[in-house]
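Colleague: I am new to reading models. Can we go through a few features, one at a time?

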Amino acid sequence: MSEVKLPIEDEEWVDAEGVEPHIQDGTEDEPKPDIPTELNILPLRDSVIYPMLIAPLSVAREAGVQLIDESIVGNNRIIGVIAQRRPGDEAPGFDDVYEYGCAVIIRTLVKMPDAVRLIVQGVQRFKIVERIQEQPYLRARIELIEEPDVPEDRTEEFEALRRSVAALFEQAIRLSPQLPDELRTLTQAVQEINVMADLVAAHMTLSPEDKQKVLETVDLQTRLRALLEMLGKEVRVLELSSKVQSEVNTELSKSQRDYYLREQLKAIQRELGEVDDRGEEVEELREKIEQANLPQEALREVNREFDRLRRMSPGAPEYTVARTYVDWMVALPWNTSTDDNLNLKAVKEVLDKDHAGLDKIKERIIEFLAVRIVKKDGKVRQPILCFAGPPGVGKTSLGRSIAHAMGRKFIRVSLGGMRDEAEIRGHRRTYIGALPGQIIQGIRRAETNNPVFMLDEIDKLANDYRGDPSSALLEVLDPEQNSTFRDHYIDSPFDLSKVFFVTTANRLDTIPAPLRDRMEVIELGGYTEEEKANIAVQHLIPKQVEEHGLRPSQIQFKSEAVVRLIRFYTREAGVRNLEREIGSVVRKATRLFAEGRTAKVVVNQKFIESCLGAPRFLTEEVLERELTPGTAIGLAWTPVGGDVLFIETTRMTGTRGLIVTGQLGDVMKESVTAALSYIRSHAKQYKIPEDFYEKTEIHVHVPAGAVPKDGPSAGVTMLTALTSLLTNRKVKDRLAMTGEVTLSGQVLPVGGIKEKVLAAFRAGVTTLILPDQNEKDYLEDVPEEIRSKLKAHFVKRADQVLKIALEK
């Protein structure tokens, strides 16, 4: 760079923006100016100026502007510049600047609206020896520092240091894009070692502290060694930066090259009229893979199949297989989830609105969400619930309600009659037409990895030579294993641990024990008459009215009509038949409106009988049959709810012993034998002839002979009926019982208490005999309004049963 050498008043302003500090040309021709011993001191931010260097300065602070003005007015163009210790200080004092600085001569000055811009040239180092003033600007007495000469006996040592500094400087210029190549010549052009050291320090991107250290170091050897250390560190940083940048550029250039080549290929094909649909298809697949955010193992498998696909002809048989596989993999929601609704009050309101009763299940859902709220860290284990109960109590619709309340997607798969293991795990891709199993298909349909997934009718799974689906479900429904569920088709682990699994069953004994053990079973009993009435009014009637095109204002169901429908036209644990009968009534009303009726239809007892005919059931079923000695009423559990069981016995002359009919299972036949053995061993106690069995045949029959019956819970009923027959004592009216009896006369607990009690209540029973150990089930499961209308006796021994059941 050349320097403008004009008097200040005649100089033109040279823009200081972007001007690099440089060495003064022709310094030997111009005499060194006299530097006074007292100087005005100008503090600099983030800058250090060295002797013999020219640099632009911009002065904006008020004290600095005043310093420049007074210096120029006094015809004194030499000032001192010193770096600030902290660049952020707005009004620095002597304590805020370093002690060493550089005397400079002002070569150019231009006043701008916002600042004064200078070009200054460094003259000589100095050190502050006395502080003269701090206001309005700094002024101090200084001591000039002379540059040391190179000793003649150490010329070679200094030359080696100079060359080392020059070599590192050239290496830094080569590595740094910020240093122009023209600077390479400066180290050769400048012969003075001290000037070269200052020049290198000025141009390198060193910190202000390092630059100040070079300025303060007077000893030439120490200065060169310090500069060498700084240059070595800077060159190492630049080499690392260059290496990183080179690696990035290599990646970018490869990607850019591939992109340009593909674009050129497309352009050539368009010009030739050869549009490559397959190329576009492959490129579209590649973009989908990149956007799918697949786990590492799944991504590796997809890329392997995608590479095969690219090299394959579209006409090849394997092409469609590979394409379908890639489509399945990118369509699965590997990392897509929905947020749960954690407002417990809102969830409870939704569940209550959709279903009446079912408090156990609702409480379980609320508890799960409460855990989600409290547990902030780690994974929350999803529950795996099994709703067990008779048909029509709302198990399937409850799953949909749970998903709605929690804000999740709902997927339902029916397992009834499924007998192929591949329906769960999928087919291997070697087979033609292979697809993933129902689990992965359901997840894809849901488009999230945390839906509510209902496996309906899990008790009706079958198996044959193709495998056992219930065994395949062991992994799906195990929280410890399903985080790495591997479908045969996708052949990569998929995380099912976020899925909320719900299964339904009518009976639990047909579910394999290991599978049953993995599920949290919640039993749903039948509905009471009052609950059915509420469900009919709140849900079933509005639904049927809407489905048949009527408005609520056109039809009205009287409450007594609803009760009559429940009591006389249906007899079930759920409400499915009730909904069917309500639909029949609404259809009749719809026909009336279609035929021209305009008046509102009021559904009462008369209207129901005109629609449905005479009542199908008598409300007091136990009164339909005459109870004679030898007849007793038992309670039975069936997959469709509870039922009453009439046990009939009779005696006749003969020697065939015991006859049992009514299509009874082995366990029930053994109950009859055990009851008879107990009576024979206690004949004297009940005043029965001890030889009655020698010349008497006893026939035990359970009506509804076409229906298979089994189980031990009719033991006390068999005992009571046989004792009633042999003692000729009638069983008390409206009394029913259940319980297993042993040879020693103990009464053991049985299951299905709620269903049995509700069936007894529907049939008109008022007195119950139940095992003592079932008292807790009776109190917990049977609603209070039913218990208040029944009298229950809890017994431990057979003699208690006979004492309560038989008339005196």
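Below, each feature gets its general idea and then a case.

Modeller: This is a predicted model, so local features need pLDDT of at least 70, side-chain atom pairs count only at pLDDT 80 or more, and totals for chains, interfaces and linings use all residues. Residues are numbered from 1 along each chain as its sequence is written, and side-chain values use heavy atoms, with hydrogens and water left out.

Colleague: Where does D96 lie, and is D96 buried or exposed?

Modeller: Start with the elements. Helices (H or I, at least four residues) and strands (E, at least two) are DSSP runs, numbered from the N terminus. D96 sits in the loop between strand 4 (78-83) and strand 5 (100-111). Next, the labels: buried means under 20% relative accessible area, exposed over 50%, and partly exposed in between, with a 1.4 Å probe and protein chains only. D96 counts as buried because its relative accessibility is 16%.

Colleague: Which side chain does the side chain of D96 make a polar contact with?

Modeller: A polar contact is a pair of N or O atoms within 3.5 Å; within protein, one must be able to donate a hydrogen and the other to accept it, and residues adjacent in sequence count only if both atoms are side-chain atoms. Here the partner is the side chain of R86, at 2.8 Å.

Colleague: Is K409 buried or partly exposed?

Modeller: K409 has 37% relative accessibility, so it counts as partly exposed. Its place is the loop between helix 12 (395-406) and strand 9 (410-414).

Colleague: How far apart are K409 and E531 in sequence and in space?

Modeller: They are 122 residues apart in sequence. In space, C-alpha to C-alpha, they are 29 Å apart.

Colleague: What about K803: where is it, and is it buried or exposed?

Modeller: K803 belongs to helix 26 (residues 798-805). Its relative accessible area is 70%, so K803 is exposed.

Colleague: What should I know about backbone angles?

Modeller: Most residues other than glycine have a negative phi, and most peptide bonds are trans. Now the exceptions. The bond from Q135 to P136 is cis, with omega near 0°. P136 is in the loop between strand 6 (116-133) and strand 7 (138-144).

Colleague: Which residues show a positive phi without being glycine?

Modeller: M52 is one of them, with phi near 75°. M52 lies in the loop between strand 2 (38-44) and strand 3 (53-59). With a relative accessible area of 22%, M52 is partly exposed. N293 is another, with phi of about 55°. N293 is in the loop between helix 7 (277-291) and helix 8 (296-311).
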